[in-house]
Amino acid sequence: MARRRRGLPVNGVLLLDKPAGLSSNHALQRVRRLFQAQKAGHTGTLDPMATGLLPICLGEATKFSAWLLEADKAYRTRVELGVITDTGDAEGDVVERREVPALDEASIEAVLARFRGEIDQVPPMYSALKHQGRKLYELAREGRHVERAARRISVYDARLTALDTVPGNDTVPGNRAFELDIRCSKGTYIRTLAEDIGLELGCGAHISALRRLATGAFDAGGMWTLEALEALADQPAREAVLMSPDVLVAHLPALALDDVAHGRLIHGQQATLESELAEAATARLYHQGAFIGLGRVVRQADGAATVAPQRLISHPAETPRS
């Protein structure tokens, strides 16, 4: 007999405003406990120092989180010039200080132009990427260095939004700093981008703040803080703020199923339907207005279309409350 999951079968998507100082996993676990959810997952890690948009998937929504992992992202970051750290951010140890040349918006913009478009980026050692089964940041903390292959990324925009001077003191000169708004493809490390920009400016750099503003179709407008969630009156009030799991795949075409097609699909069989979608297209499936999951279009020899189940949600009756 299968073990029953602890917690409630809560299903949906929450846009969390992750606070600084929490890892993405710790933030996820706090949300899971707040909602008493049986299952939870997130859709792309933010560094502990970073804040902003962290979509949290609860219950059945976790089945569709992979579609958001592939999404483009948008960030705002503060770049501190003249100081290089081992992690590329303000939480790391300073490894080098360099003199900062006189810079203005035009000189910075000239460098930023070189980082727009498709570029190659070497992932940082302080990252969750794995080498021979171990995360790179674990090896970095042991003082080990691993060669990493460059990866092709896309920086759609890197826009200078502020330029100022960080005051110095008796021992450390003041350093130039600026803020950037960045739109980029998945897999882009903003820390590394800032480091590379700093090297091109001739003085090195690290980031002192990072905030994610958007991922895929989601932006910061619908975010909830942990404090706001905790202040909600009860479980129904919290569940009311969740979005339906199909928001994760809203970019896919939709197909409506009749009772016969629905019955076949939920039993793992293909179903005939009217559709102009191409062979192997993935579509959202709905029955009587309710989202039931994803299907893949299959074209028969005579041109007729069938749909095969690809990723279906479990029937509510099969997920009892404990």
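These legends walk through several views of a predicted model.

**View 1. The whole chain, to get your bearings.**
Welcome to a chain of 322 residues, of which 46% count as buried. Eight helices and 18 strands make up its list of helices and strands. Along its principal axes, the C-alpha trace spans about 75 × 50 × 40 Å. Where do the contacts come from? Taking contacts in the chain with a separation of 6 or more, 69% are between residues 24 or more positions apart. The chain exposes about 16,500 Å², with carbon and sulfur atoms supplying 49% of that area. As for charge, there are 39 positive and 41 negative side chains, and the centres of the two sets lie 7 Å apart.

The average pLDDT over the chain is 88, and 90% of the residues score at least 70. Please look at residues 316-322 with some caution: pLDDT stays under 50 there. The model does have 13 contacts beyond four places in sequence for residues 316-322. Where pLDDT is low, the predicted coordinates should not be read in detail.

Helix H5 covers residues 190-200 and is largely enclosed by the rest of the structure, because eight of its 11 residues are buried. Which residues of H5 are the buried ones? They are Ile190, Arg191, Thr192, Leu193, Ala194, Glu195, Ile197 and Gly198. Notice that Arg191 and Glu195 are on this list. Just after H5 comes Gly202, with a positive phi of about 90 degrees.

**View 2. Cysteines without a disulfide.**
How many disulfides does the model have? The count comes to zero. Take Cys57, which is in no disulfide: the nearest cysteine sulfur belongs to Cys184 and is 19 Å away. A disulfide needs two cysteine sulfur atoms within 2.5 Å, so the 19 Å between the sulfurs of Cys57 and Cys184 rules out that pair. Is Cys57 buried or exposed? Cys57 is buried, because its relative accessible area is 0%. Cys203 is buried too, with its relative accessibility at 0%.

**View 3. Thr215 and its partners from elsewhere in the chain.**
Thr215 belongs to strand E12, which runs over residues 205-215. With a relative accessible area of 0%, Thr215 counts as buried. What touches Thr215, once its neighbours within four places in sequence are left aside? Its contacts are Leu53, Pro55, Leu68, Ala71, Asp72 and Lys73. For Pro55, the distance along the chain to Thr215 is 160 residues, yet the C-alpha atoms of the two are separated by 8.4 Å.

**View 4. The loop between E15 and E16, with two alanines to compare.**
Both alanines in this view sit in the loop between E15 and E16: Ala280 and Ala281. Strand E15 covers 271-272, and strand E16 covers 282-287. Ala280 has a positive phi of about 75 degrees although it is not a glycine. Most residues other than glycine have a negative phi. Ala280 is also partly exposed, with a relative accessible area of 43%. Turning to Ala281, its contacts beyond four places in sequence are Gly295, Arg296 and Val297. Ala281 and Val297 are 16 residues apart along the chain, and their C-alpha atoms are separated by 5.3 Å.

Gln36 lies in the loop that links helix H1 (24-35) and strand E2 (40-42). What is the phi of Gln36? The angle is near 55 degrees, a positive value in a residue other than glycine. Gln36 counts as partly exposed, because its relative accessibility is 41%.

**View 5. Arg6, in the segment before the strand E1.**
Arg6 lies in the segment before strand E1, which covers 12-18. Is Arg6 buried or exposed? At 75% relative accessibility, Arg6 is exposed. Leaving aside its neighbours within four places in sequence, Arg6 is in contact with Ala37 and Gln38.

Methods. Residues are numbered from 1 along each chain as its sequence is written. This is a predicted model: local features need pLDDT of at least 70, side-chain atom pairs count only at pLDDT 80 or more; totals for chains, interfaces and linings use all residues. Side-chain values use heavy atoms; hydrogens and water are left out. Buried means under 20% relative accessible area, exposed over 50%, partly exposed in between (1.4 Å probe, protein chains only). Helices (H or I, at least four residues) and strands (E, at least two) are DSSP runs, numbered from the N terminus. Contact means heavy atoms within 4.5 Å. pLDDT is the predictor's confidence in each residue, from 0 to 100. Accessible areas come from the Shrake-Rupley method with a 1.4 Å probe; for residues, only the protein chains shown count as cover. Lys and Arg count as positive and Asp and Glu as negative; His and the chain ends are not counted. The place of a charge is taken as NZ of Lys, CZ of Arg, CG of Asp or CD of Glu.
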